[in-house]
Amino acid sequence: MKNNTSLIYGVCLVVGDFLALVAAFIAAYFLRVHLGLRLNPHRLGVVHAATYIEVFLSLLPFWILIFGLLGLYNSNTYENRFKEAGRLLVGSFVGMLFVVFWDFAAAKPIFPARLIPIYGFGLGFLFLLIFRNIARLIRTQLFSYNVGLTNVLLVGSTQMTTELINLLHDSKHSGYRIIGVVGSKQFVPGSHIPVFRTFRQFLGSDLPSSLHRIIQTELYTNEGSNAEILSYAQENHAAYRFVPGNTELFVGNIEVELLKSEIPVIAVHQTALFGWGRIVKRLSDLILGSIMFIVAAPFMLLIATAIKISDPHAPVLFRQTRLTRFDQKFTAYKFRTVRADLNGLDPEEAFKKLGRPELIETYRKNADYIPNDPRFSRFSLILRRLSLDELPQVFNLLKGDISLVGPRALIPRELAVYKKRSAILSVKSGMTSLAVVLRRSDMSFEERRKLDLYYVQNWSIWLDFVILIKTAWVVVTSRGAR
């Protein structure tokens with residue numbers, strides 16, 4: 001009954017990664033030795049092609065071992081393209097360092113030219129990405145022919161059962177085939193999935209022989225029923241998973257601890273950003289924030305001068321009370337872009353003062369944007385489009401009010417009635433966020449807060465790095481604040 005599909009796919013990935021790296025370093029050798037201009041004749045005379053390949057093949061298993069330690073052959077990694085690409089990059093770099101160290105420590109050189117490791121690193125990462133995507137495509141195509149599918153039994157009468165059915169029903173894309181549900185029929189959309197009142201009734205059918213995985217969505221009050229399901233899964237080598245009905249309880253970071261070294265307890269942290277992560281994030285903010293200040297200082301001086309000349313009696317900076325971690329209030333700084341007589345007013349109040357209350361609904365429906373907004377001058381619109389009005393927030397960053405990346409800093413009124421405000425405010429607000437880099441004209445307030453929640457619950461240094469890179473692209477392409 002055990003499903004070996006994941007194991008077979010993992011073995012294919014190991015073989016494919018091995019061949020991709022071999023191809024990459026053969027290509028690197030060819031490019032540098034046969035197409036390169038300046039070589040060290042002494043090294044070329046010592047390191048022949050056969051010796052180079054022989055030594056490299058003997059070192060490759062250690063490189064693959066590094067990939068394994070990074071989890072590149074685990075399903076939770078290779079089923080996530082973004083995570084897989086990041087770990088491939090890290091693994092390729094660490095593997096390359098290992099080979100270079102071996103070349104340095106060995107009695108005889110491995111590489112006939114010093115640039116070959118650099119070529120090999122670049123080509124290796126590229127070939128690995130190409131192979132992994134081809135492998136994923138082939139695997140998905142095999143799902144269409146019912147090859148490699150995981151047969152699943154759902155146990156439970158909860159809304160989560162319905163959500164799982166909706167998520168997994170298309171086996172051609174999900175790789176799962178639901179063979180039955182133990183529970184109430186009202187939670188099973190459609191009629192093609194067999195429904196059983198009890199687990200024993202399922203066992204009396206002809207389906208158990210094809211079962212690969214059990215996913216239970218509720219725990220019965222009768223502990224014997226739960227034990228029966230778990231014991232059956234273990235005795236018949238079927239994978240067992242439990243999905244809690246209250247999924248919000250298990251988001252963020254989860255640890256299993258031993259209370260008094262005896263009783264296992266599950267620790268659920270509201271966010272993955274705690275402990276060492278907060279220290280690393282703050283150090284990154286200080287270092288990058290200092291660099292930003294040095295680079296931005298001349299521009300801030302020019303912008304401040306232009307704003308003051310255009311309206312000598314109005315303040316240069318816009319100050320507003322906003323929220324950050326642990327529900328703390330702070331004063332956010334931005335260059336003033338609205339008209340002086342509208343400074344400090346909410347959009348609703350400003351439109352009313354302008355005699356244009358009909359714009360309020362359009363503004364909110366269109367993700368806080370309307371073309372030719374009457375509150376701004378042409379110069380102000382340029383500042384906002386290039387996100388230059390946000391530059392003074394570097395002072396908030398250095399003070400520790402906010403972080404480079406985090407949920408959007410909102411005013412207290414905007415979060416006053418939001419049910420999940422405590423989760424969003426478990427980390428510092430940010431100068432940029434997921435909502436900024438994924439900005440769409442039809443994105444509602446609720447959708448933007450969902451992105452904030454996703455960031456809070458799935459924080460990582462890599463995610464921060466990606467958001468910063470994408471933010472730079474948004475600014476360069478003038479898709480910043482509108």
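1. Is Phe 199 buried or exposed? This is a predicted model, and in it Phe 199 has a relative accessibility of 5%. That value falls under the 20% cut-off, so Phe 199 counts as buried.

2. Now to the aromatic contacts. Searching the whole structure turns up ten aromatic pairs. One of them joins Phe 199 and Tyr 232: the ring centres are 5.6 Å apart and the planes meet at 75°, so this pair is edge-to-face. Distant parts of the chain are linked here, with Phe 199 in helix α9 (residues 199–203) and Tyr 232 in helix α10 (residues 223–235), 33 residues apart. Tyr 232 is buried too, at a relative accessible area of 14%.

3. A second pair to look at is Phe 293 with Phe 395. Their ring centres lie 5.7 Å apart with the planes at 65°, so the geometry is edge-to-face. Phe 293 belongs to helix α11 (residues 276–310) and Phe 395 to helix α15 (residues 393–399), so the pair ties together parts 102 residues apart in sequence. Phe 293 is partly exposed at 32% relative accessibility, and Phe 395 is partly exposed at 37%.

4. Elsewhere, a charge meets a ring: the charged end of Arg 139 sits over Tyr 9, 4.6 Å from the ring centre.

5. What is the strand order in the open sheet of five strands? The order is β3-β2-β1-β4-β5, and the pairing is parallel. The edges are taken by β3 (195–196) and β5 (239–242), each with a single partner strand, so one side of each has no neighbour in the sheet. Within the sheet, β1 (residues 150–155) and β2 (residues 176–182) run parallel and are joined by six bridges; Thr 150 has Tyr 176 in β2 as its bridge partner.

6. Two helices lie across this sheet. Helix α7 (residues 159–168) lies across β1, β2 and β4 (213–216), at about 155° to β2.

7. Finally, a hairpin to check. Strands β8 (residues 317–324) and β9 (residues 328–335) pair in the antiparallel sense over eight bridges, and Thr 321 stands opposite Thr 331 in β9. Three residues separate the two strands, and Phe 326 in the turn has a positive phi of about 60°.

Notes: Residues numbered from 1 in each chain as written. Predicted model: local features only at pLDDT ≥ 70, side-chain atom pairs only at ≥ 80, totals over all residues. Heavy atoms only, no water. Phe/Tyr/Trp six-rings, centres within 6.5 Å; stacked < 30°, edge-to-face > 60°. Helix = DSSP H or I, 4+ residues; strand = E, 2+ residues; numbered from the N terminus. Buried < 20%, exposed > 50% of the residue type's maximum accessible area, 1.4 Å probe, protein only. Lys NZ or Arg CZ within 6 Å of the ring centre and 35° of its normal. Pairing = 2+ DSSP bridges. Contact = heavy atoms within 4.5 Å. Axes fitted to C-alpha atoms, helices over the stretch in contact; angles between N-to-C directions.
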